[in-house]
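Take a walk through this model with the sequence at hand.

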Amino acid sequence: MATKTELSPTARESKNAQDMQVDEVLIPRKVPSLCSARYGIALVLHFCNFTTIAQNVIMNITMVAMVNSTSPQSQFNGSSEGLPVDSFGDLNKAPKSLSAKCSVIGGQFAIWEKWGPPHERSRLCSIALSGMLLGCFSAILIGGFISETLGWPFVFYIFGGVGCVCCLLWFIVIYDDPTSYPWISTSEKEYITSSLKQQVRSSQQPLPIKAVLRSLPIWSICLGCFSHQWLVSTMIVYIPTYISSVYHINIRDNGLLSALPFIVAWVIGIVGGYLADFLLTKNFRLITVRKIATILGNLPASALIVSLPYLNSSYITATALLTLSCALSTLCQSGIYINVLDIAPRHSSFLMGASRGFSSMAPVIVPTVSGFLLSQDPEFGWRNVFFLLFAINLSGLIFYLIFGEADVQDWAKERKLTRL
C-alpha cells in the first residue's frame, strides 16, 4: 500500500505534464506568428483583396472623368459646378460590378476553415480583409492623379496589371490545407491541425438548406452585413462627391482628403483583429467579442456620418469625422464578418459567399437611392442620404444583437446519416 501511495503522486505529475504539453501546442506564443505560413497566406489574401476592391473603386473615380470629358486626355474640373445632375445616374453603374467581385471573398473562408486556429482567426481575417481598405486608399489617392496626368484609361491598365500579378501569386502560394503546403514548418503544421481538432470537421454531407433558411443567426449576419455595406458603399461612392460638391476642393486635393480615412481604417482594422483575439484570451465569451466589435464598427461610424451636414463651415472638421467614421467601421471585420466561421465552420465558405452576395445588393441600391435623393432635393439631399444610412445601419445592428450567436449550430454539426 505504501508503494502505491508513493506512486500515485508521480502518476498525477506525469499526467499533468502530458496535459501541459497538449496546452502548449494550443498556445499561439509557442509557434512563430509573423514569419509563418498562415500569416504569409493572410498577406497574399491581403493583396488579392487590395486589387479586387481597387478595381471597383476606380470605376467611381474615373466615372466623373468619363462624364465630364470627351477625350481621355481631358483635365478634371476643379469644382463640382461642371458636374451635371445626370452624373449621379451614371455613377449608379459603377458599383454594380462590386456584386460580382464580392463573391471572391466568400472563397477565402474555405481557407481559414483549415488554416485559421480559433484564437487567431480575428487577426488573420483582419489582415486579409484590410487589403480592401488599402485598395480603396490607393485607388482614390492615385486614381485622380493618373486620370489628370495620363488619362482615365491608364487607371484601368495599371490596376489591371496589379490584379494579374496578384492572381499569379494566388496560384503559386495558396494551398487548401497545411498538410499539403510545401513551405510550412513541422511545428506550425502540428499547431494548426491540433488546434482545429476542437472544431467540427467537414465531411461530405449536403448543406441543410431548409435549416439554413430558418436560422435566425444566419439572417442576422446577412442583414447586419447588408446594413454595414450600405455604410461602406456610401463612404466609398459619395465621399469624393461630397467633398467636391460641398467644399469645392479640386480633384487633386479631393483625392488626398478622400483617401485619408481609408489608410487610417487600414491600420485600425488590423489592430482591431489583434484586440479581438486578446479579449478571447481574457475569457471573454466569443459572442460578446463579436457583438462588441460589430457595435463599435456600426453605431459610432454612422452617427458621425449623420453629423456631417451640420458642419459645413470647415472641411477639415468634416475630413476628421469621415476619417474617424471610416476607421471605426473596420472593426466589423472582427465581428459580424467572421461570425460564420463560428456558427457553421463546415459550411463557412458557402454561407459567407451567400451573406456577401446578399449584402452586395447594398452597393447596387445605394447609388440609385442616394442619387435620386440628391437630384430631388439639392439643398437637403446629403442630409437625407445620411439619415437613411443611419436608419438602415441601426436596424441591421439591432437585429444582429438580438439574434446573433457564436455557438456551432445544430444543423452545422457533423452527424451520421441513417436510413430506415
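A residue counts as buried when its relative accessible area is under 20%. By that cut-off, 51% of the 420 residues of the protein chain are buried. The model is a predicted one. Its chain has 18 helices and zero strands. The accessible surface comes to about 19500 Å², and carbon and sulfur atoms hold 65% of that area.

How far can the coordinates be trusted? The protein chain averages a pLDDT of 78, and 75% of the residues score at least 70. Residues 14-29 fall below 50, and this stretch has eleven contacts in the model beyond near neighbours in sequence. Residues 70-100 are also below 50 in pLDDT, with 63 contacts beyond near neighbours in sequence. Where pLDDT is low, the predicted coordinates should not be read in detail.

Now turn to the charged side chains. How many salt bridges does a search of the whole structure find? The search finds four. One of them joins Glu188 and Arg38, at 3.0 Å from N to O. This pair links distant parts of the chain: Glu188 lies in helix 9 (residues 186-195), Arg38 lies in helix 2 (residues 37-68), and 150 residues separate them. Are Glu188 and Arg38 buried or exposed? Both Glu188 and Arg38 are buried.

Another salt bridge is made by the side chains of Asp277 and Arg123, at 2.8 Å from N to O. Here too the partners come from distant parts of the chain. Asp277 is in helix 12, Arg123 is in helix 6 (residues 121-129), and they are 154 residues apart. Asp277 counts as buried because its relative accessibility is 0%. Arg123 is at 14%, so Arg123 counts as buried as well.

Asp342 and Arg290 form a salt bridge too, with their closest N and O atoms 2.7 Å apart. This bridge again links distant parts of the chain: Asp342 sits in helix 15 (residues 339-343) and Arg290 in helix 13, 52 residues apart. Asp342 and Arg290 are both buried.

Next come the aromatic rings. A search of the whole structure finds 13 aromatic pairs. Look at Tyr181 and Trp183. Their ring centres are 5.6 Å apart and their planes meet at 85°, so the pair is edge-to-face. Planes over 60 degrees apart count as edge-to-face. Trp183 reaches 55%, so Trp183 counts as exposed. Ring pairs also bring in Trp115 and Tyr175, which form a cluster with Tyr181 and Trp183.

On the surface, look for a nonpolar patch. Which residues form it? The patch consists of Leu150, Phe154, Tyr157, Ile158 and Val162, with about 440 Å² of accessible area together. Leu150 lies in the loop between helix 7 (131-149) and helix 8 (153-173).

Thr323 is in helix 14 (residues 315-329). At 11% relative accessibility, Thr323 counts as buried. Which residues does Thr323 contact, leaving aside its neighbours within four places in sequence? Thr323 is in contact with Leu260, Pro261 and Val264.

Asn283 belongs to a loop, the one between helix 12 (251-281) and helix 13 (286-306). Its phi is near 65°, a positive value in a residue other than glycine. Is Asn283 buried or exposed? With a relative accessibility of 73%, Asn283 counts as exposed.

Key
Residues numbered from 1 in each chain as written. Predicted model: local features only at pLDDT ≥ 70, side-chain atom pairs only at ≥ 80, totals over all residues. Heavy atoms only, no water. Patch = residues over 30% accessible without salt bridge, like charges linked within 9 Å, V, L, I, M, F, W, Y side chains within 5 Å. Areas by Shrake-Rupley, 256 points an atom, 1.4 Å probe, with all protein chains shown as cover. Helix = DSSP H or I, 4+ residues; strand = E, 2+ residues; numbered from the N terminus. pLDDT = per-residue confidence, 0-100. Contact = heavy atoms within 4.5 Å. Phe/Tyr/Trp six-rings, centres within 6.5 Å; stacked < 30°, edge-to-face > 60°. Buried < 20%, exposed > 50% of the residue type's maximum accessible area, 1.4 Å probe, protein only.
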